[in-house]
Amino acid sequence: MSQAQDEAPVWSPLGLDRQHLLNNLVTVVALLFWARIVLYAWYQEVPRAKFAALFLGGGMLLYVFKQLHDVGTDGSRLERIGLWFCALVSAVVPGYVWWHYNVLETLRIGYALPREYALGAVFTLVVLYLTYRAFGAAFVGVVVVAIGYAYFGYAIPGLFGHSGIGERQIVNILTMEFDGFFGSITQIVAAWVALFLLYAGLMRGFGAFQLIMKLAFRTAKYLRSGVAQSAVVSSLIVGSINGAQTANAAMTGSFTIPLMQESGMKGESAGGIEAVASSGGQIMPPVMGAAAFVMASLVTGVGYVDVLVAGIIPALVFYISVAIGVHYMAIKQLPEGGINLDERMEELDDGYHPAIEGLRFGIPFVVLLYTLGIAQWTVISSALYTCGTMILTGAGLPLVLSFVKDGMDPVETLKEAATDTVGGFKFGGVSMAPIAIIIAAVNGIVDLLNATGMPGKLSLAIVGVAGGVMLFTVILAMVICLILGLGMPTVAAYTIVALLIAPTLIGNFAVPTLAAHFFVFYAAILSGITPPIAIAVVVTAGIAGSNFWRTALEALKLGLPLFILPFTFIYNPEIVTGGFDVNTVISGAVVLLGAVAITHGLNCAPRPFNVPSPFSYGVRGFFVALGTLAMVWPTMMPRVGVVALAMALILIQTQVPRFQAVRAVPEGD
């Protein structure tokens, strides 16, 4: 019933082989890492800032050991020595901060000892190097620019100039004070988000991914586009809990993209569908890629349940419009009949009876919803009990079944359950490690920029450049969010734009706080499918073996309603602030139909009204314009009117024979 956790097994046979030892070391460190997090969640016996140091050190150590295992003998001797040095620093410096927490937090504010400056400088370099290994040079460049801006502020003229921060003070902010790498964002992730990555790892370990794929395949039997829809369904479920677009794209895309290609879909279309679906998974309640909990902590007076309720209608708008777009794309490319889904389902593990699988994975999810949404427990307690329930049902139900069902050996079932559990811990730890590193880097950027007064200056600059016009300000804010997102994990991307951009919209234009935060949240996620970065597209194009730019174009065509949705939050904030009253539902329905009009215009299979290219682009553009007005216009009656017109045109085009296309759409039409 288990499944592979990654390329390496959970536990390698004991021996002197270095790769086996490193693989076992990764497993042991992952178990110790989660044991300490669970211990903190249960007792909360130390201050959160102190625990954040231990969390970051453990995450860095786990990442380094995984890298040492992955490079194997292919890496150079110098690279391996460098990684072992990083492991040493990852253990020593957070350990030093942990041990001297009381002194650093209460007595030495604003200065450090000479040895502490040296340790902090080395630790900063290690964080930068590991960030480079995990996320590439682009994001490291952002960190370096932030450090340079803090240091050379005295040389910058105009609004963005400042007195400058000395190198020792920069090191102190980043490492020895409980801002910087060990700051509030790292603390939130350590206390709240980490356990949800463990939950995702346990789900994978116990075979939830296989179950999701089976459900998607069964759905595919009833729709011609069903094979492509499997990417949407699986990414919707996995991506909501995962917390990183790239991890979601790699996890589900490795299965769904080849499946779509085998059924007849072009590689760039398959890659585009998976990239959009993987990014959209991050906006789906109740977890929203773990960003929901960070949003609840950043927005004063707003609880987690408020964030959950606010996110439901936008998520439904996005996923329904994407599903329709996927259907259009699929019927243009997939032949009748397609592939034999029964054969593909046989390739998956048989698993247990559907009722048993439903209990295994349904009960923990119900516990999560009840503890967070009804009982109003704290996030950390809800996550802890959800993980505990996942272990009880994931490992316990098969064990109980082995005593009552013929042909099942309780001893073998127990061994398999133990392997699956350990594998879930390992996969969760390996997924958490790079996120911990980049969160630390983001925390460092935010606190350095706060020390320079950048957020307030950026707010003034945005309003000044836009001339005080709300529309121009929002467009400029959208562009900045796309740039700052840089394909980072969801929590990191949202946090940095929430602290830098949301205050501008709230303070200067009286945008409701929750609406402003949803605006920057959605906008930051879009960097995953926006060229030239488009990190989710990079992953899916690599899996599909397709051209990056063509894959990105397919993703943009499919995901355009997601680019319009943030503006809906600004001009029709009741979508996210109105709860579930009649006005909110009606407004949400209009937004959904507007998104459908946009999707239809960009992806409809026949030529619109038999208009040949290039004139057909005008018709498609008209559909997009109608849909955009329906989603964004600030008063209801005009929105209803354009939606009625768009739906009437779609009905005429699809139902009146003389307006239907008589040939397939040519390549590029």
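Reader: Where is Val469 found?

Author: This is a predicted model: local features need pLDDT of at least 70, side-chain atom pairs count only at pLDDT 80 or more, and totals for chains, interfaces and linings use all residues. Residues are numbered from 1 along each chain as its sequence is written, and side-chain values use heavy atoms, with hydrogens and water left out. Helices (H or I, at least four residues) and strands (E, at least two) are DSSP runs, numbered from the N terminus. Val469 is found in the loop between α19 (454-465) and α20 (470-485).

Reader: Is Val469 buried, partly exposed or exposed?

Author: Buried means under 20% relative accessible area, exposed over 50%, and partly exposed in between (1.4 Å probe, protein chains only). At 37%, Val469 is partly exposed.

Reader: How much accessible area does the nonpolar patch with Val469 have?

Author: Patch residues have over 30% relative accessible area and no salt bridge; like charges are joined within 9 Å, nonpolar side chains (Val, Leu, Ile, Met, Phe, Trp, Tyr) within 5 Å. Areas come from the Shrake-Rupley method with a 1.4 Å probe, and for residues only the protein chains shown count as cover. Val469, Leu471, Phe472, Ile475, Val479 and Ile483 together have about 500 Å².

Reader: Which residue forms a salt bridge with Arg639?

Author: A salt bridge is a side-chain nitrogen of Lys or Arg within 4 Å of a carboxyl oxygen of Asp or Glu. Arg639 is buried at 1%. It lies in helix α29 and its partner in helix α26, so the pair ties together parts 65 residues apart in sequence. At 3.9 Å between the closest N and O atoms, the partner is Glu574.

Reader: How many disulfides does the count come to?

Author: A disulfide is a pair of cysteine sulfur atoms within 2.5 Å. By this rule the count is 0.
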